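These are my notebook entries on one protein structure. I set down what I looked up, entry by entry.

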Amino acid sequence: MPKCLSDDAISQYHREGYYFPLPVLCDEQVATCRGHLEAFEQSQGEPIGGALRNKSHLLFKWIDDLMREDALLDPVEDLIGPDLLCWNTLFWVKEAGSESFVSWHQDLRYWGLDTHDLITVWLALSPATTESGCMRVLPGSHVGELLPHADEYQADNMLTRGQEISVEVDEALAVEMPLKPGQASMHNGRLAHASTPNASADRRIGLSFHYAPTKTKQVVGNWDSAALVRGEDRYGHFTHTPRITRDFEPAAVDFHERASTAVRDVLFTGAEKVRKTL
Ligand SMILES: O=C(O)CCC(=O)C(=O)O
């Protein structure tokens, strides 16, 4: 019996490679999460960026807690089973009026993970609309071979290497995934997706969680980490990330350095240019 998704939602996800919207947080919880993020940014004097964007559950307790919430894990379990790792947590912030965009790409082309079952849950902490540059997907593109990509390194591209599908994408087939604050979308790690700049007056804040079955292997890097967030890990392919009890615990900060460096090395494998941070 599925825990929360309808049979139609499950069929749609498997057929099209995405599903939205999922209700995850109420308005008060969104305000608390956004408040945590923006208080941190204010203390740093700059928007979240660089390595802090990546594997953020090792640094911020509210993200570690959120990553384990039933509202996120139940729909994921309905789709890929009860033994779940969270490989990564990643911020996607486009400032108000910024030119930041995301080119058409398929994540599993770059992540070194051997699974076809990885699900990205993308949670909106501010309105994700056509105007603010919500995510767009190409239905059904998760099936079959991964498409060829080229590295474009555009300054405003939020992707590490500006990776972009190098065959023509028929934009007429794209579906937008608008979300209200507190709602999330889910997409398969092989699904082609992209997003346009933020022409709105608010920041577009997304936080993504990458969930995969415990049998997944890292086949490009020699070492990788993931949090065991539900069930049992009978495979042991990843070092489990420590569960933190407060923000910036020294041991977890050291672990974050090692873990985010390992992800960066995998993402840049075969690239011509390497950025120092993600
Ligand atoms: O936030 C965006 O616009 C793109 C996000 C994305 O590429 C992803 O979650 O894999």
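**Entry 1: the second largest pocket**

I listed the lining of the second largest pocket and found Val-24, Leu-25, Gln-29, Thr-32, Cys-33, His-36, Trp-62, Asp-65, Leu-66, Glu-69 and Ala-71. On a 1 Å grid over the protein atoms alone, a pocket is an open set of points where a 1.4 Å probe fits, with protein on both sides within 12 Å along at least five of seven lines; lining residues have an atom within 4 Å of a point. I note that this is a predicted model, in which local features need pLDDT of at least 70 and side-chain atom pairs count only at pLDDT 80 or more, while totals for chains, interfaces and linings use all residues. Residues are numbered from 1 along each chain as its sequence is written, and side-chain values use heavy atoms, with hydrogens and water left out.

The space in this second largest pocket is about 170 Å³, where a volume is the space filled by probe spheres set on the grid points, which are joined across faces, edges and corners. Helix 2 (27–44) and helix 3 (61–67) each supply at least two residues of its lining; helix 2 gives the largest share, four residues. Helices (H or I, at least four residues) and strands (E, at least two) are DSSP runs numbered from the N terminus. I sorted the lining of the second largest pocket by class and recorded six nonpolar, three polar and two charged residues. Here Ala, Val, Leu, Ile, Met, Phe, Trp, Tyr, Cys and Pro count as nonpolar, Asp, Glu, Lys and Arg as charged, and the others, Gly among them, as polar.

**Entry 2: the largest pocket**

I then turned to the largest pocket, which holds about 450 Å³ of space. It is lined by 29 residues, and the closest to its centre are Arg-53, Leu-90, Trp-92, Met-158 and Leu-159. Strand 2 (84–94) and helix 5 (250–267) each supply at least two lining residues, and the largest share, six residues, comes from strand 2. By class, I recorded 14 nonpolar, 10 polar and five charged residues in the lining of the largest pocket.

**Entry 3: the ligand**

I next checked polar contacts, that is, pairs of N or O atoms within 3.5 Å. A polar side-chain atom of Asp-107 lies 3.0 Å from a ligand oxygen atom, and for Trp-122 I also read 3.0 Å. For Arg-204, an N or O atom of the side chain is 2.8 Å from an oxygen atom of the ligand. The ligand taken alone exposes 290 Å², and the protein buries 100% of that.

**Entry 4: helix 4 and the backbone**

I found nine of the 11 residues of helix 4 (residues 70–80) buried, which means under 20% relative accessible area, against over 50% for exposed and in between for partly exposed (1.4 Å probe, protein chains only). Gly-81 follows helix 4 and has a positive phi, near 100°.

I also noted a cis peptide bond from Phe-20 to Pro-21, with omega near -10°; Pro-21 is in strand 1 (residues 18–23).

Lys-55, a residue other than glycine, has a positive phi near 50°. Lys-55 is in the loop between helix 2 and helix 3, and is buried, with a relative accessible area of 0%. Phe-248 has a positive phi near 55°, and at 30% relative accessibility it counts as partly exposed.

Notes:
A polar contact is a pair of N or O atoms within 3.5 Å; within protein, one must be able to donate a hydrogen and the other to accept it, and residues adjacent in sequence count only if both atoms are side-chain atoms. Accessible areas come from the Shrake-Rupley method with a 1.4 Å probe; for residues, only the protein chains shown count as cover.
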